[in-house]
Amino acid sequence: LEQLQEAPVPPDLLVSPSSQDGDLGSECPEDRGTWTGRLDFLLSCIGYCVGLGNVWRFPYRAYTNGGGAFLVPYFIMLAICGIPIFFMELSLGQFSSLGPLAVWKISPLFKGVGMGTILIVSLVAIYYNMIIAYVLFYLFASLTSDLPWQHCGNWWNTELCLDHHVIRAGNSSLPVNISNTVSPSEEYWSRYVLHIQGSSGIGDPGRIRWNLCLCLLLSWTIVYLCILKGVKSSGKVVYFTATFPYLILVMLLIRGVTLEGAWKGIQFYLTPQFDHLLSSKVWIEAALQIFYSLGVGFGGLLTFASYNTFHQNIYRDTFIVTLGNAITSILAGFAIFSVLGYMSQELGVPVNQVAKAGPGLAFVVYPQAMTMLPLSPFWSFMFFFMLLTLGLDSQFAFMETIVTAVTDEFPYYLRPKKASFSALICIALFLMGLILTTEGGMYWLVLLDDYSAGFGLMVVVITTCLVVTRVYGMKRFCRDIQMMLGFKPGPYFRACWMVLSPATMMALLVYNIVKYQPSEYGNYQFPTWAEALGILMGVLSCLMIPMGMVVAVLQEEGTLWERVQQASRPAMGWGPALEENRSGAYVGSLAGSQSPKPLMVHMRKYGGITSYENTAIEVDREMEEEEEEESMI
């Protein structure tokens, strides 16, 4: 009886609804896990950032925007925009150990930003895996003694097909007019792989290409098996997929620079044209390359960092990954343009006539160049295997972002069934991607590529930057980083976060809107309804932000302004995931359950003040005192 009398009985007010049901132990969600190796996180970030764009976009952007001079705005934009936003995303993820949706406990009013991110990543994952399916198709086609796109005379070739071997065999002193001809590799890509002649446009998809459908199924199967156990499995796969591309890239580089005419291509790639620096387009192109190459705004960096230990040195990792990514892009340019220089000499045409970007480079120009080399099937296989490994670890990040975001929202139900949930997501995205395997699938892929991660992604990044620095507060964010790393970010990071990065992103957004051009594929112009659908994809991710605001405000109590103020403050559970890492304002604020109504809301309703609010008020006072001291100094 004495023991029963001494045992304190908590009032109903202090017990959340979910903790009244019975045993608390059964209510605890399964541990979300962490990286199992020291290099898992670093290699995953490198694999995520170093993707297909480094090979097929950067070299082309460099030579069209001033050659070697392009490196000046490229590295300036990396410093202003790339590195600071990269570090901000890693900091948010590591500090909270939450995915792109749950991390908005930092300011629930803006949870729609996370919803917009998931929508963007889902759309990108659909078409990105189709590109991997194309790579698999070419990879299997390379397993032969004679590459199928080497000669004309196949059933898919037309009368316009001109074999480069014929040009070389002819009298080299006589110029050959190739302006009205098509290479065998181009017809193989468009007429055999895509079979695009079976579709009249985006509104007429035609039949499913079953060989492409099987390749897409294989690519989704590979991705699922690699993310089956979350970061514990994908963290091990990246030891191969993040490092092996470098080995192949070096092999292609050495082979490329030893070819006759290679210097011609490299010279074309790097000859600086400093007059280009006076053009705003060059600076915008540099910022866009940084923006998409580092993968900021897609939630992948935040997701990967959320599986770190609390004191992981992400400051060091930021510089390793961002600078490594830039150097890889430059190296890839040498590997690509050395081969293009050789190819232009073989065909007797200028380099600018053979240089292309995007899928045109990967599936037409470079495969054609491979046919001119001895052991062409070997070099073709190595090139496409490099593209496969480059693409896969970026796709791992997209999938991990989606799965982590949703499982962090419903940890009790989905974390124990993460493998099954991942399978459902993969199957759903595979089915949605089936339209890309049709004869008119390339039109849909171009539409997704142009609009899914366009201005919507920029709005997401700008909003994130402004919320963290203005709503949450720069002082508080810097103090959070100090809790993790032991030091506060310097003036460089603070200046970029407050002014330079958001301003650059705004300039990019305005430029994209002002210089808007309708999508096209070759000579095909997209109809108005397709353009409207594309714009809707971009707008929908932006609309998630005001929709999220409405939901957050409706969940609060009081007048409209009071609701907005309450929804913009950090939620009860915001802060480090483990109690041992909580200090200052975060001590004792870790919610013991997943109650939809945190303790603080109950206390407001019935009167009184919580220890969380009390400590928060004390911290606010300390911050105000610090600001007064700094202003006096």
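Predicted model: local features only at pLDDT ≥ 70, side-chain atom pairs only at ≥ 80, totals over all residues.
Residues are numbered from 1 along each chain as its sequence is written, and side-chain values use heavy atoms, with hydrogens and water left out.

- Buried residues of H19 are Lys-418, Phe-421, Ser-422, Ile-425, Cys-426, Leu-429 and Phe-430. Buried means under 20% relative accessible area, exposed over 50%, partly exposed in between (1.4 Å probe, protein chains only).
- An α-helix has 3.6 residues a turn, so residues three or four places apart point the same way.
- The buried residues of H19 pack against helix H6 (111-141), H9, helix H17 (376-409) and helix H18 (411-414).

**Nonpolar core**
- The largest nonpolar core holds 188 residues, and Tyr-134 and Met-399 touch the most other members. Such a core is a set of buried Ala, Val, Leu, Ile, Met, Phe, Trp, Tyr and Cys residues joined through side-chain atoms within 4.5 Å.
- H6 supplies the largest share of this core, 20 residues.
- Not counting residues up to four places away in sequence, Tyr-134 touches Trp-189, Val-193 and Leu-212, among others. Contact means heavy atoms within 4.5 Å.

**Asn-211**
- Asn-211 sits in helix H9 (residues 210-227).
- Its relative accessibility is 27%, so Asn-211 counts as partly exposed.
- The C-alpha atoms of Asn-211 and Val-193 are separated by 8.7 Å.

**Annotated binding site**
- An unreviewed UniProt entry places the feature "binding site" at Gly-47, Val-50, Asn-54, Ser-293, Asn-325, Leu-390, Asp-393 and Ser-394.
- These positions span 348 residues in sequence, yet no two of their C-alpha atoms are more than 14.1 Å apart, so they gather at one spot.
- UniProt annotations may be inferred rather than shown by experiment.
- Asn-325 lies in helix H15 (residues 314-347) and is buried at 2% relative accessibility.
- The side chain of Asn-325 makes a polar contact with the side chain of Ser-293 (2.9 Å). A polar contact is a pair of N or O atoms within 3.5 Å; within protein, one must be able to donate a hydrogen and the other to accept it, and residues adjacent in sequence count only if both atoms are side-chain atoms.
- Ser-394 lies in helix H17 and is buried, with a relative accessible area of 3%.

Key. Helix = DSSP H or I, 4+ residues; strand = E, 2+ residues; numbered from the N terminus.
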